[in-house]
Amino acid sequence: MGRIIGLDYGAKTVGVAVTDPTKTIVSPLETIKRDMESKLRPTLRRITELAREKEAELIVLGHPLNMDDSRGERAIKTEAFGEQLQKRLIADGLDIKVILWDERLSTMGADEILEESGIDKDFRKQYIDRIAAALILEDYMKNGSL
């Protein structure tokens, strides 16, 4: 049984979460950082490594639509990233589909969780992206079709 990976794609970070093999539990995994938004190769390489290591069967990429369902700049960049990731997975011989999943307010929700947990605001940045990825993946697990 493969796992599902959830991603929260941002300008300089990608939060990563993963399910357990039974797809029951979602856990924040890591935050992939890059110096420049356009430098994606190491990010794509790391996600591919994680997909292979975790024996992923699906990648759920958070799609940041606007509240009125329109696609803003961030959503368009996320779509392009998803296409690049799909090509990289195929090029690396991995048959893993990348799907977009509505992620509105996931980062806000992650920040609320961290605040309620008593984590100091200065330390939240290192956790917020992976928590957001976990929220995206949890929403997919509840409302998506497995």
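The secondary structure here comes to four helices and five strands, where helices are DSSP runs of H or I with at least four residues, strands are runs of E with at least two, and both are numbered from the N terminus. This is a predicted model, so local features need pLDDT of at least 70 and side-chain atom pairs count only at pLDDT 80 or more, while totals for chains, interfaces and linings use all residues. Residues are numbered from 1 along each chain as its sequence is written, and side-chain values use heavy atoms, with hydrogens and water left out.

Along the sequence, the pattern reads β-β-β-α-β-α-β-α-α.

Now the totals. Of the 146 residues, 47% count as buried; buried means under 20% relative accessible area, exposed means over 50%, and partly exposed is in between, with a 1.4 Å probe and protein chains only. The accessible surface is about 8200 Å², and carbon and sulfur atoms hold 50% of that; the areas come from the Shrake-Rupley method with a 1.4 Å probe, and for residues only the protein chains shown count as cover. Taking contacts between residues at least 6 apart in sequence, 61% join residues at least 24 apart, a contact being heavy atoms within 4.5 Å.

Next, the backbone. Most residues other than glycine have a negative phi. Which way does phi go at glutamate 55? It is positive, near 55°. Glutamate 55 sits in the loop between helix H1 (41–53) and strand E4 (56–63), and is exposed, at 56% relative accessible area.

Aspartate 69 also has a positive phi, near 75°. Its loop runs between E4 and helix H2 (73–91), and aspartate 69 is exposed, at 53%.
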